Amino acid sequence: MDYHNKLILAPMVRVGTLPLRLLAAEYGADITYGEEIIDHKIVKCDRRINELIGSTDFVEKGTESVVFRTCDQEKDRVVFQIGTSDAVRALTAAQLVCNDVAAIDINMGCPKPFSLSGGMGAALLSKPELISDILTTLRRNLTLPVTCKIRLLKSPHDTVELARRIEKTGVHAIAVHGRYVLDRPRDPAKWSGIADVVSALSIPVIANGDVFEYDDFQRIKSATGASSVMAARGALWNPSIFSPEGEVSYEVTQKQYIRKCILWDNDIRSTKHTLRDMKSHYTSLEVPEWRAVIKSESTADIAELYGELEYYQLIKSDSHKGYR
């Protein structure tokens with residue numbers, strides 16, 4: 001995988017499932033990261049071919065819940081991001097999915113309590129030896145690209161030193177979120193901190209932070225010198241952010257997202273969560289429409305609410321073949 005001059009969909013918990021990844025790619029995303037999946041979770045899964053919808057599913061033993069769903073359409077661009085605090089477990093997780101994805105990424109930036117409490121995500125930033133162990137183990141045993149995503153440390157020097165140590169493990173690229181661990185999304189991203197890393201490394205650096213419209217891709221690239229750029233919330237609010245032809249209305253992308261959820265049988269909880277995050281940027285969640293979304297118990301309910309029941313019935317019938 002080439003990490004130069006790419007527009008990238010960032011990993012986002014609960015929303016970065018197959019429908020959003022495919023929609024972002026249709027609008028121009030070159031690389032699409034899946035949501036972070038914890039190593040403990042994926043190693044309990046069986047790989048299954050879902051012939052009904054044409055997907056490859058990783059299904060948790062016992063619960064039969066789909067932990068990760070992908071398809072041939074995205075095989076050359078989807079990145080599987082792992083939440084881990086153990087090199088051997090990370091390798092086991094990566095080996096399970098490595099034939100169905102384009103690259104493996106290790107999450108080293110998530111500040112959420114569930115990650116920190118397990119020694120994962122941003123908790124790794126203070127454990128450079130463990131970082132080296134995880135990344136070196138993956139690089140030595142996998143043939144596909146390995147990357148990681150970090151946040152800024154307390155000082156530019158500390159961030160650069162960690163990035164240099166990561167580079168020595170042989171990773172193919174490093175993504176840098178231009179915020180500190182304690183920063184919140186409302187805090188402005190520090191693009192200068194990303195630029196410090198870019199100037200110190202020879203491997204591609206992916207810039208992430210405050211990319212909300214198409215022109216921001218070039219702005220952050222110019223400001224930091226990064227090889228590629230990653231968008232998170234901007235792409236969630238409107239996946240057409242990746243299109244050089246300009247954004248379309250969020251009502252349009254919302255409908256397109258719902259159709260992909262129908263097509264790929266997306267988990268209803270993920271669908272509702274993503275719709276909430278999409279809508280909350282543009283409208284109040286106090287409107288009757290959103291209350292109806294909350295009450296929805298199935299994809300069929302969502303389809304009916306948004307006038308897509310006929311499409312839903314078509315996809316569920318024998319005539320759906322060829323739509324994917």
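# Close-up views, one by one

**Helix α11 and its packing partners.** The buried residues of α11 pack against α1 (18-26), α9 (233-237), α10 (250-263), α12 (288-295) and α13 (299-305). The model is predicted, so local features need pLDDT of at least 70 and side-chain atom pairs count only at pLDDT 80 or more, while totals for chains, interfaces and linings use all residues. Residues are numbered from 1 along each chain as its sequence is written, and side-chain values use heavy atoms, with hydrogens and water left out. Helices (H or I, at least four residues) and strands (E, at least two) are DSSP runs, numbered from the N terminus. Buried means under 20% relative accessible area, exposed means over 50%, and partly exposed lies in between (1.4 Å probe, protein chains only). A contact, or touch, means heavy atoms within 4.5 Å.

Helix α11 covers residues 268-280, 13 residues in total, and reaches 18 Å from its first C-alpha to its last. That is close to the 18 Å expected at 1.5 Å a residue; the expected span is 1.5 Å times one less than the number of residues. Among the buried residues of α11 are I268, H273, L275 and M278. An α-helix has 3.6 residues a turn, so residues three or four places apart point the same way.

**Helix α10 and what covers it.**

**R259, an arginine on helix α10.** R259 belongs to helix α10 and is partly exposed, at 37% relative accessibility. Leaving aside neighbours within four places in sequence, R259 is in contact with E308 and Y311. The C-alpha atoms of R259 and I315 are 9.6 Å apart, although 56 residues separate the two along the chain.

**C110, an annotated position.** An unreviewed UniProt entry marks C110 with the annotation "active site". UniProt positions are given in the numbering used here, feature names are shortened, and annotations may be inferred rather than shown by experiment. Find C110 in the loop between β8 (103-108) and α4 (113-117). Is C110 buried or exposed? C110 is buried, with a relative accessible area of 9%. Beyond residues up to four places away in sequence, C110 touches E36, S115, L116, G121 and A122.

The unreviewed UniProt entry lists P11, M12, V13, Q81, K149, H177, A232 and R233 under "binding site". Q81 sits in strand β7 (residues 78-83) and is buried, at 2% relative accessibility. Not counting residues up to four places away, Q81 touches several residues, including P11, E36, D105 and K149. R233 is part of helix α9 and counts as partly exposed, at 26% relative accessibility. Leaving aside neighbours within four places in sequence, R233 is in contact with M12, R179, P185, D210 and F212.

**R21, a buried arginine.** R21 lies in helix α1 and is buried, with a relative accessibility of 2%. Leaving out residues up to four places away in sequence, its contacts include L9, Y33, F68, R69 and E74.

**The nonpolar cores.** A nonpolar core is a set of buried Ala, Val, Leu, Ile, Met, Phe, Trp, Tyr and Cys residues joined through side-chain atoms within 4.5 Å. The largest has 86 residues, of which I42, I104, L138, I174 and F242 touch the most other members. Helix α3 (residues 87-97) gives the largest share of this core, 6 residues. A second, separate core of 11 residues includes Y3, I8, Y33 and I206.
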